[in-house]
Amino acid sequence: MNQAVDTHRIKEAVHWRRLIDTLLDSAQYADLVLQGGYVINVITREIYEADVAIKGEKILLLGDASELMGPSTHVENVAGKFIAPGFIDSHMHFESAMLTVTEFSRLSIPTGTTTLVADPHEIGNVLGVMGMKAMIEEAKTLPHQVRFTVPCRTPDAPGLETAGMDVSSKDMAELLTDSWVQGIGEIQGFSNVHPVYKYASHILDDQIASVAYTHSLGKTVEGNAPALFGKELAAHIISGGTHISCHETTTKEEMVEKLRYGVTVFMREGSSQRNMAECIRAITEEGMDSRRAVLVSDDMVPEDLLNDGHMNDIVRRTIACGVDPVEAIQMVTINPATHFGFRDVGVLAPGKRADIAVLSDLEQMTVDSVYLNGRKAAEKGNLTIELPAYTYPETVKGSVKREKVKASDLHISAVDRSKARVRAIEVIPDQNLTGAQEFELNVQEGVIQPCLQRDVLPLLVLERHGRGGGIGKTFVTGMTLQRGAIAESVAHDTHNLIVTGTNYEDMAMAVNRVIAMGGGIAMIADGKVVGDLPLPVGGLMTDLLSGKELADTVSNLHRLAKEELGCQLHVPFMHLSFLSLVTSPKWKITDIGLIEVDEFKVLPTVIQEGR
C-alpha cells in the first residue's frame, strides 16, 4: 500500500545525520558554542557548568565542547551566566494585548519566551474560522514557535449571548488539520457543568464529538474548570478526553484536587488575573509534586510586557513565593512541553531545538540574550533579528455593525417610582470571577440613576455583530469611576460593545465613538473625548501601531482613566472586558441581559420598584 511521504520527517532524519557527522567527524565543527556558563537542567533539576554546542538549529552537545570548536565556530563567552531552555507560555490570547502576533512577539522574545501557545477564541467569536485562520497565517511568517488551541464552540453559551459567528464540531476538520494548530482550546462550553447538562446538553454532545475527532488526530484538548470539585470536576475532565489543563484555578483547595485528578494546572499570572500565589501553596505548603504545574499569562496588557517582562517576570514572582528557581523554570519549560507532547523544545539536550535563554541573574530572571533556532534573536532587551510589521487583510476589519445610539436607548427604567431595588455585578480586582450585590437606587422620570457615593453605575452590553441588536442592562459596583464613561468592543467572549459610566449621555457618546472607530476603546467626560484607541482588526487588535507604540498608548489611557475619570481600578479596560464572561461565576452581563452563571439563566436587573 502506498503511503503519503511525510517530508518533515525526511528533513528531520537528514538533520539527525548531519548532527551525528558533526559530532563524530573530526573535520566538522559546531556553528556556535555558548562557553563557560551554568546549564539549567530541567530534566534532573540541576545546575552545573557546561558548554552548549549548536549546529544549525539544533543542540549538539552539553559539556566540554572544545573538540567541536573550529576556525568557523562562533564562541560566545557566557561565564557566570545561566543557560536555560527558552520559555513557553502555554495559554495566552494575542487579542487581550490588542497586538498582532508579530508585535506581541517583538516585546516577548527579548524576555526569553520562545514558544507561544495561543487561544484565538476572541477573534473566533467575532469572525469565526476566517478570523482564526488569518491569525494563524500571520504566525506562519515568524521565526519562533507559535501554536494555536482553537475553540470547538462559539458562542460558549448559546441563547445567553450572541457571537459574530457560530463555530461547532462541523468546523473542526478545517482548523485541526493545520499543522500550526495544537488542538482544542479551553472547553468553556462545559465549565458550568450542571446547568449545561440540565438545560443545554446538546453543547456537551457537540463538544464530545469535537474532542473525539481531535484525539483521532493525536492532538490535545484544554479544559476550563473554575470552582469545580468532585463529580462536576470529574465530568469536566472526562468531557475533555481525560488529559486536560485548567487555567481558571484560583484557590489552593482547587489546585490540590486538580493535581490529584491528573489535571495540568495552568497557574495564571497575567495583568488583571493573578492566581499563582494562591495556587502555588499546594506545592510550597503541601509538598505536592510540581510536574503538572505550569505558569501561564492568559491575558496581558502591552505596557506590562514592555515594563515588567513576560514569562521571566512570572517565574520571578513564583521564585519570590518560595519556589526553587530551577523548579520554577521547569514550570515554563519541561512541564508544558510534556503536557503538549512537544518533542523538540522545553529542555536542553542533544538534537533539541536551540531555543535558549541566557540569564545574568537567576533570582531576578534577568534575560541577557535569547537564541531562536540557534541564532541570536535578542540581547540586553532588544531584538537582533528583523520582524517586519504585519498588516491584516480588510476581510477581518469593519466588524462593528451597529448604528449609533441615543442616551435614551441606554436608560434602565423603573416606571412611576422614586426608588428601585436592583442587582449589580461586583468587580473583584485581579480576577475574572465576580460577586453579586443588591442596591436601592433613586429613580428620576422613570430612569434609574447611578449612585457615585456607593460606586453603583449602569453597565450595558450592546450586540454589535448585526445579529439582532439586543441590549443587556444591569449595574456594576467596583469600577470606581467618578466622572464620564468607558466603552469598548472588547468584551469576553463574544465581544459585543460594553459600556459603563456615571451618566447615560457620556455612555452613549462613548459607544458611538467606538462604533465610529470600527472598534476600540473610548473614554468620555462631560461630552468630550478624554482618550481613545482604534482596534480595527475584529474590534480587538491594531495593526497600526508597534508593540512599543501601543504600550505607550495604553499606559496613557490608564493614566487618563485615573486622572480624568477618577478610576482607581488596576487595568480598568481589561476588568471591564471580563464582566461579560458568562463561563465564569457569579453574575455577568451580555447582550441578552444579566446572567446568573451557575444557573444558566437570565435575571431581571430590577428586583422591585419602591415608592
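Is threonine 102 buried or exposed? Threonine 102 is buried, because its relative accessible area is 1%, where buried means under 20% relative accessible area, exposed over 50%, and partly exposed in between (1.4 Å probe, protein chains only). This residue is found in helix 3 (residues 101-108). Leaving aside residues up to four places away in sequence, threonine 102 touches Glu138, Leu142, Leu387, Pro388 and Tyr390, a contact being heavy atoms within 4.5 Å.

The structure is a predicted model, in which local features need pLDDT of at least 70 and side-chain atom pairs count only at pLDDT 80 or more, while totals for chains, interfaces and linings use all residues. Residues are numbered from 1 along each chain as its sequence is written, and side-chain values use heavy atoms, with hydrogens and water left out.

The protein chain contains 19 helices and 30 strands. Helices (H or I, at least four residues) and strands (E, at least two) are DSSP runs, numbered from the N terminus. For 611 residues, a compact globule would have a radius of gyration near 25 Å, and the protein chain agrees with this because its own value is 25 Å. The radius is taken over C-alpha atoms, and the globule rule is 2.2 Å times the number of residues to the power 0.38. Along the principal axes, the C-alpha atoms fill a box of roughly 95 × 50 × 50 Å.

Of the 611 residues, 62% count as buried. The accessible surface of the protein chain is about 22,600 Å², and 49% of it belongs to carbon and sulfur atoms. These areas come from the Shrake-Rupley method with a 1.4 Å probe; for residues, only the protein chains shown count as cover. Among contacts between residues at least 6 apart in sequence, 70% join residues at least 24 apart. The chain carries 56 positive and 81 negative charges, whose mean positions are 3 Å apart. Lys and Arg count as positive and Asp and Glu as negative, without His and the chain ends; the place of a charge is NZ of Lys, CZ of Arg, CG of Asp or CD of Glu.

In soluble globular proteins, nonpolar side chains tend to be buried together. A nonpolar core is here a set of buried Ala, Val, Leu, Ile, Met, Phe, Trp, Tyr and Cys residues joined through side-chain atoms within 4.5 Å. The largest such core has 134 residues, and those with the most contacts inside it are Phe94, Met267 and Leu359. Helix 4 (residues 121-139) supplies the largest share of this core, nine residues. A second, separate core of 33 residues includes Ile412, Val499, Ala510 and Ala522.

Helix 9 (residues 252-260) has the buried residues Lys252, Glu254, Met255, Val256, Lys258 and Leu259. The elements that cover them include helix 8 (230-239), strand 12 (264-268) and strand 13 (293-296). Just after helix 9, glycine 262 takes a positive phi of about 85°.

Most residues other than glycine have a negative phi, and most peptide bonds are trans. A cis peptide bond joins threonine 154 and proline 155, with omega about -10°; proline 155 is in the loop between strand 8 (145-150) and helix 5 (172-176). The bond from histidine 492 to aspartate 493 is also cis, with omega near -5°, and aspartate 493 lies in the loop between strand 23 (485-488) and strand 24 (497-501). Threonine 480, although not a glycine, has a positive phi of about 65°.

Glutamate 445 has a positive phi of about 50° although it is not a glycine. The residue sits in the loop between strand 19 (434-444) and strand 20 (447-448), and counts as exposed because its relative accessibility is 83%. Glycine 446 is in the loop between strand 19 and strand 20, but counts as buried at 18% relative accessibility. Apart from neighbours within four places in sequence, glycine 446 is in contact with Ile412, Ser413 and Ala414.

Threonine 391 is exposed, with a relative accessible area of 58%. The C-alpha atoms of threonine 391 and aspartate 543 are separated by 5.7 Å, although the two are 152 residues apart along the chain.
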